[in-house]
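Thanks for coming, everyone. I'd like to walk you through a model I've been looking at, so let me put it up on the screen.

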Amino acid sequence: MQCMHQKLQPSEALDQMTRIRVDSLLTRSIEMFNHTGSTSIELYRRVNIAVTYAVTDGVSIHSIMRSHVMHICKMIAQADIVTEKVDIDSLRDFEENTVGLISYPWSSITCAKAYAGRERVVAAFEKFQAANGAQRACEFQRKGNTHTSEHNLSVVDKARLDVIDVNAIHSNTTPTAFWTMYHIFSDPVVLEEVRAAVLPLVETKMDRHGLIHEMNVGKIREVPILSSILHESLRHYGSGTGTRIVMEDTLLDNKYLLKEDTFIFMPNKSYHFSPSAWGSTVDEFDPHRFTTSKRPPGAFRGFGGGANLCRDDTSL
């Protein structure tokens, strides 16, 4: 909805969402790595949990996942872990086969796992809407809810739109975060380069609590190697498809007849792995590709483009 897109333009509202996300993400990340000695973690799952909290906190939709599910269980000690697993996994089950839900008939049968995951998330959003949670959310969420209320949408319809919003923000964020971390930590040379680039941003000082390390996280996006790895991860692993409606019969390249009122689906992979755009190393993961390469306009569509440009790219 246009009213929601406007709230994702560079503004104080977007900055507020970003600050909340970063705070949540840093808190979860510190918890993830706060160990002494050697330990093993299931990286993708931990990243998924941290990103899910950060994304939902950023739009203040965390009241769905916490007030209606998690906070209740925090009074029951270990039950919180079980509920968190079910909740996060429901979103994952849905996102792993959204294309199937869109494409296949009788999706409750043909895409049973994704269908069930989606319905569990929708049920949580229904409780959120019934409790008037959107009015306590960020401006982005409030604007959307006001618009749907003006058009007399039911609680169920609002909940299903909320699920779409979360899916749009979250679906590529977790895999991109995971692969960015993977390619940093799995290559000692890249890891040292990233450390060398980030350490100058850290200010160390003493206060009454002891040694304090501070960093303006807004400067992170200005670190070329980090930005390059993130964009290269999106190029390799991000999923997305440009969709257009054919307005009139069109003959493309004197070969392909595109009929009026049909849909065209253009997977980003076809752009991202084009040798003519990226050269002979197109299939390789090059952490420096976006610091040195020149590429044709439109070759990278990690955030979509045109009317389908992801408005949240400004927070990266």
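Let me start with a quick one: is H272 buried or exposed? H272 is buried, because its relative accessible area is 1%. You'll find H272 in helix α14, which covers residues 268-272. And what does H272 touch, once you skip residues up to four places away in sequence? The list is L234, R235, W278, V282, A299, F300, R301 and G302.

Okay, stepping back. Please keep in mind that this is a predicted model. The protein chain has 16 helices and 6 strands, and of its 316 residues, 38% are buried. If you take the contacts with a separation of 6 or more, 62% of them are between residues 24 or more positions apart. The accessible surface comes to about 18500 Å², with 56% of that belonging to carbon and sulfur atoms.

How confident is the predictor? The chain averages a pLDDT of 78, and 74% of the residues score at least 70. Confidence is highest in helix α12, residues 188-198, at 95, and lowest in helix α4, residues 62-73, at a mean of 38. Over residues 60-86 the pLDDT is below 50, though this stretch still has 45 contacts in the model beyond near neighbours in sequence. Where pLDDT is low, the predicted coordinates should not be read in detail.

Now, the inside. The largest nonpolar core has 13 residues, and L91, F94, L101, V121, F125 and V163 have the most contacts inside it. Which of them gives the most? That's α8, with 5 residues. There is also a second, separate core of 10 residues, and I184, L191, V194 and I225 are among them.

Side chains of opposite charge can pair when their charged atoms come close. The structure holds 13 salt bridges. One of them joins D93 and K113, with the closest N and O atoms 3.9 Å apart. That pair links distant parts of the chain, since D93 is in helix α5 and K113 is in helix α8, 20 residues apart. D93 is buried, at 9% relative accessible area, whereas K113 is exposed, at 53%. Both belong to a network of salt bridges that links R45, D89, R92, D93, E96, K113 and R120.

Another salt bridge brings together the side chains of E119 and R160, at 2.8 Å from N to O. Here helix α8 holds E119 and helix α10 holds R160, 41 residues apart. E119 is partly exposed, at 23%, and R160 counts as partly exposed too, at 31%.

Last stop: strand β6, residues 263-267. F263 sits in this strand, and F263 is exposed, with a relative accessible area of 53%. Together with I245, M247 and F265, F263 makes a nonpolar surface patch of about 500 Å². M266 is in strand β6 as well, but M266 is partly exposed, at 23%. Leaving aside neighbours within four places in sequence, M266 is in contact with G240, T241, G242, T243, R244 and Y271. M266 and G240 are 26 residues apart in sequence, and their C-alpha atoms are 8.5 Å apart in space.

Conventions. Residues numbered from 1 in each chain as written. Predicted model: local features only at pLDDT ≥ 70, side-chain atom pairs only at ≥ 80, totals over all residues. Heavy atoms only, no water. Patch = residues over 30% accessible without salt bridge, like charges linked within 9 Å, V, L, I, M, F, W, Y side chains within 5 Å. Areas by Shrake-Rupley, 256 points an atom, 1.4 Å probe, with all protein chains shown as cover. Salt bridge = Lys/Arg side-chain N within 4 Å of Asp/Glu carboxyl O. Helix = DSSP H or I, 4+ residues; strand = E, 2+ residues; numbered from the N terminus. Buried < 20%, exposed > 50% of the residue type's maximum accessible area, 1.4 Å probe, protein only. Core = buried A, V, L, I, M, F, W, Y, C linked by side-chain atoms within 4.5 Å. pLDDT = per-residue confidence, 0-100. Contact = heavy atoms within 4.5 Å.
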